[in-house]
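This report describes charged pairs and a chain-to-chain contact. Please read it alongside the sequence and the structure shown below.

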Amino acid sequence: MSDSYDKGEVRTKKTKGVIATTLIALLKHQNFAKITVTDLCHRAKISRATFYTHFVDKYDLLGYCLKDIRIDFPHSLKDEPYENIEKTVNQFVVQYKKVIKNIMENADSETLGLLSEWIICNLDRSSPANHDGRDRTKYIVQSNFYAGGLIFYHLWQLKNNFPENTPTMNEHLYEIMKIFHEWRSETDF
Amino acid sequence: MSDRSSRKQQLLKIKNGKGVQYILDEAYRILGNPILIHDMDYKIIAFTENPVKDDPIWNELTTTGMIGLDRQLFYKEEGFFELCADAKKITLLPSDKLQYDRIFGKLFTENNIQVGCACIHAFCKPFESDMPELFEMLCDILDHEFGQSDFYSNYALSYMDALVGRLIEGGIEDKYLYTAHIESLYAGLKPNLYLAVADITQCDPAYGRLEYFREVFKRIRPAFKYAIYSNYIVIMMSFDDKTFHVHQELRQLCQSFEQHNIYAGISNRFENIFELPQRYDDAVNALNDGLKYNSCQRIFLHGDIPALPLDE
């Protein structure tokens, strides 16, 4: 019984993988806002019923794809999660420029929410073990602040076709983060 | 004449109107492998003779008349339902999962309503390279036979009523098991869906006329799908564009509504058929609120109804 259950799981994962790969391939050439489920099904050679058996809509699929795309924060971030994050995220955005640009261009609130969740999720992965009580609230506030700031900063960069080079981007973000760190230590959450 | 083109010619000579069993027997003689047809509930409709006795699925279908849940779960785990749903017409199920190769073909009545599946089994001899093409031809002949038959047309409609009802009531817990069924609902529909409910109770005499009006609407807009659920005619409408103009797109339906004193509510746009319960509620609310606040119209859109009624 457990064997056949696993078989079903593997197959489901495989189908989901095919659909996710198709979305990423489409994102290299097309805006996420303009991609339709019909396009995806046509490209992946699956039926609409198969798509909706696995995903609620295209946002659900994007969330699934983002879950698999991980920003690999350096090991040192485990001790201080926000130290140098701007560099890591900048590098990542530059590396996946086309895909990120196509996700962000004409993005609606649902897409921006997904991106924000994704950054927070990646921060979670690289942050120190447990946050509870007051620390947890402080952590959530900070994560949301960083995620929102980073998204809109990169949205501006992408819209203007990267007017700044990567070291300058890092420098600007570093300045902002420094101000935030100072403010954080003064206010004492 | 080569064997291939000769078989093609022989298939083309099979005449419609003599029944499904006649077509299957003739096809068995020409193609040389056993064939069966089952409906959307995996109940047998017709089958040919079969000299091979060791296939458990054939034996189950022809002796009990249906495929049991255990077998359906096996199909689900192997992804056969998805394979069938993903195919436009023909699917080859290779023998690495089952003992023999088999080809499935979807069978439709008119108006793109699926009535069941035909399946040819490589029991007697292996499939040749032209078998998918020949089997597709056979399925077209069967489609024509089903389309001509009032019995099977009504049979397929009743199944669609049941499926739409089950979806609206949230009765489908295992989506995977129903992939092929749901795809049969999508067949022929464009990407942007709207659900309308038509209320005929204002029409005089309304009693027992749901079937009649469904037929009337079907003739006006054959591309839409119509089901009967809870005293309403549920209409699944679809358009290429994300927006549509009621008075342009539904002009003839509006005229028919006017003529017979029928009112309808239309849901917001959706794409996922699993959203049917919410969309049905939207359409019913639009209809009820529309009748309450604005009875000079015939069709009420869910998006047009104010969030808070003006008199409250």
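A salt bridge is defined here as a side-chain nitrogen of Lys or Arg within 4 Å of a carboxyl oxygen of Asp or Glu. The model is predicted: local features need pLDDT of at least 70, side-chain atom pairs count only at pLDDT 80 or more, and totals for chains, interfaces and linings use all residues. Residues are numbered from 1 along each chain as its sequence is written, chains are lettered from A and ligands numbered from 1 in the order in which they are written, and side-chain values use heavy atoms, with hydrogens and water left out.

## The interface of chain B and chain A

The salt-bridge rule finds one such pair across the interface of chain B and chain A. A:Arg11 and B:Glu82 are joined by a salt bridge through their side chains, at 3.4 Å from N to O. The rule for polar contacts (a pair of N or O atoms within 3.5 Å; within protein, one must be able to donate a hydrogen and the other to accept it, and residues adjacent in sequence count only if both atoms are side-chain atoms) gives 13 residue pairs across this interface, both residues being at pLDDT 80 or more.

On the side of chain B that touches chain A, H4, helix H5 (80-86) and H8 of chain B each supply at least two residues. Helices (H or I, at least four residues) and strands (E, at least two) are DSSP runs, numbered from the N terminus. H8(B) gives the most to this side, with four residues. By class, the residues on this side of chain B are seven nonpolar, three polar and nine charged; Ala, Val, Leu, Ile, Met, Phe, Trp, Tyr, Cys and Pro count as nonpolar, Asp, Glu, Lys and Arg as charged, and the others, Gly among them, as polar.

With contact meaning heavy atoms within 4.5 Å, 19 residues from chain B and 19 residues from chain A take part. The two chains bury about 1700 Å² between them, 46% of it on carbon and sulfur atoms; buried area is the accessible area (1.4 Å probe) that two parts lose on being put together, summed over both. Of the area that chain B buries against chain A, 31% comes from B:Glu77, B:Asp86 and B:Tyr176, more than from any other three residues.

Over all chains, the count comes to 17 salt bridges.

| Pair | N to O distance |
|---|---|
| B:Lys76 and B:Asp174 | 2.8 Å |
| B:Glu215 and B:Lys218 | 3.5 Å |
| B:Arg269 and B:Glu271 | 3.0 Å |

Salt bridges that share partners also join B:Arg7, B:Glu128 and B:Asp130 into one network.

B:Lys76 is partly exposed at 21%, and B:Asp174 is partly exposed at 22%. B:Glu215 and B:Lys218 are separated by about one helical turn because they lie three residues apart in helix H9 (residues 210-220) of chain B. B:Glu215 is partly exposed at 28%, whereas B:Lys218 is buried at 11%. B:Arg269 is partly exposed at 28%, while B:Glu271 is buried at 18%.

## A buried threonine

B:Thr109 lies in the loop between strand E4 (102-108) and strand E5 (114-121) of chain B. B:Thr109 is buried, with a relative accessible area of 7%. Not counting residues up to four places away in sequence, B:Thr109 touches B:Val115, B:Phe146, B:Gly147, B:Tyr152, B:Ser153 and B:Ala156.

Methods: Buried means under 20% relative accessible area, exposed over 50%, partly exposed in between (1.4 Å probe, protein chains only).
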